[in-house]
Amino acid sequence: MAGNRTLTIIKPDAFNSGKAGLIVALLEKAGFRIVASRVMQLTEKQAGAFYAVHRERPFFTPLVRFMTSGKCMPMVLERADAVASLRKTIGATDPAEAEAGTVRKLYAESKERNAIHASDSDRMRSGRRGSSSLNPSSSKSRNCKDDYRRAALGGPAGGRGLELHHDRP
Ligand code: GDP
């Protein structure tokens with residue numbers, strides 16, 4: 001069964017140009033509820049870990065530079081079929097290919113500076129409060145793109161930061 005929570009990040013391009021409110025409004029109009037949110041600036045280490053799956057790609061270094069260039073706004077969103085619904089709401093990676101009305105079509109500057117991140121897997125719902133899956137060195141999280149991404153938001157010295165884990169019934 002698809003989970004009902006997912007992670008998104010309003011990226012520095014959109015946050016710094018005052019688009020956060022517009023993007024949140026669009027997300028809420030699409031039926032998402034904000035469960036948790038914070039404003040933060042990623043360190044190089046956090047951004048590198050977050051995008052570790054792209055480490056070999058030519059755009060990795062500029063991507064990390066971009067993601068650390070200013071404040072961003074991670075949020076946990078809730079909605080039925082959250083991951084797929086959010087991917088549809090944000091649109092294609094490249095705004096030139098994104099559908100009309102999507103976040104990226106409306107607010108992204110380029111394929112790199114594309115306004116918003118959305119998780120591409122449902123792994124987040126397997127998290128538990130205080131779960132070791134938030135620790136990037138945990139064997140549970142190894143090779144899991146989204147666990148690395150969550151871990152990057154945990155704050156210094158493994159601090160919990162944004163509540164990205166779930167209380168499951
Ligand atoms: P997403 O899931 O749609 O965000 O896309 P990916 O996980 O494939 O890529 C992560 C992020 O890397 C994207 O959101 C872009 O910011 C950036 N990116 C992806 N592909 C490219 C590319 O071909 N060129 C550049 N400059 N950046 C890219």
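## Contacts and overall layout

Two residues count as in contact if their C-beta atoms, placed from the backbone, lie within 7 Å. On that basis, residues 24 or more positions apart account for 69% of the contacts in the chain with a separation of 6 or more. Before going further, note that this is a predicted model: local features need pLDDT of at least 70, side-chain atom pairs count only at pLDDT 80 or more, and totals for chains, interfaces and linings use all residues. Numbering starts from 1 along each chain as its sequence is written.

The chain has seven helices and four strands, taken as DSSP runs numbered from the N terminus (helices are H or I with at least four residues, strands are E with at least two). Reading along the sequence gives β-α-α-β-α-α-β-α-α-β-α. Of the 169 residues in the chain, 37% are buried. Here buried means that 20 or more other C-beta atoms lie within 10 Å of a residue's own, exposed means 12 or fewer, and partly exposed is in between, with C-beta atoms placed from the backbone.

## How the strands pair

Strands count as paired if DSSP finds at least two bridges between them. Strand 1 and strand 3 run antiparallel and are joined by six bridges. Within that pairing, Thr 6 stands opposite Leu 77, and Thr 8 has Met 75 as its bridge partner. Strand 1 is also antiparallel to strand 4, with three bridges between them; there, Ile 9 is partnered with His 117. Strand 3 pairs with strand 2 (residues 33–37) as well, in the antiparallel sense over four bridges, and Ile 34 is bridged to Leu 77.

## Strand 1 and Thr 8

Six of the six residues of strand 1 are buried, so the strand is largely enclosed by the rest of the structure. Arg 5, Leu 7 and Ile 9 point one way, Thr 6, Thr 8 and Ile 10 the other way, and all are buried.

Leaving aside neighbours within four places in sequence, its contacts are Met 75, Leu 77, Leu 86, Ile 116, His 117 and Ala 118. Take the pair Thr 8 and Leu 77: they are 69 residues apart in sequence, yet 7.2 Å apart in space, C-alpha to C-alpha.

## Two helices with a buried side

In helix 5 (residues 82–90), the buried residues are Ala 82, Val 83, Ser 85, Leu 86, Thr 89 and Ile 90. They sit on the same side of helix 5 because they cover an arc of only 165° around the axis, the arc being that of the directions from the helix axis to the C-beta atoms. Their cover includes strand 1 (5–10), helix 2 (20–29), strand 3 (73–78), helix 6 (103–107) and strand 4 (116–118). Helix 5 is followed by Gly 91, with a positive phi near 90°.

Helix 2 has Ala 20, Ile 23 and Leu 27 buried. Down the axis of helix 2 these fall within an arc of 70°, so they line one face. An α-helix has 3.6 residues a turn, so residues three or four places apart point the same way. The face turned away from the buried side of helix 2 carries Gly 21, Ala 25 and Lys 29, which are exposed. The buried residues of helix 2 pack against strand 1, helix 1 (12–16), strand 3, helix 5, helix 6 and strand 4. Just after helix 2, Gly 31 takes a positive phi of about 100°.

## The nonpolar core

A nonpolar core is a set of buried Ala, Val, Leu, Ile, Met, Phe, Trp, Tyr and Cys residues joined through C-beta atoms within 7 Å. The largest one has 29 residues, and those touching the most other members are Ile 10, Ala 14, Ile 23, Leu 77, Leu 86, Ala 115 and Ile 116. Helix 5 gives this core its largest share, four residues. Apart from neighbours within four places in sequence, Leu 86 is in contact with Thr 6, Thr 8, Phe 32, Leu 77 and Ala 118.

## Around the ligand

Which residues are around the ligand? They are Phe 59, Leu 63, Thr 93, Lys 111, Glu 112, Asn 114, His 117 and Asp 120, each with its C-beta atom, placed from the backbone, within 6 Å of the molecule.
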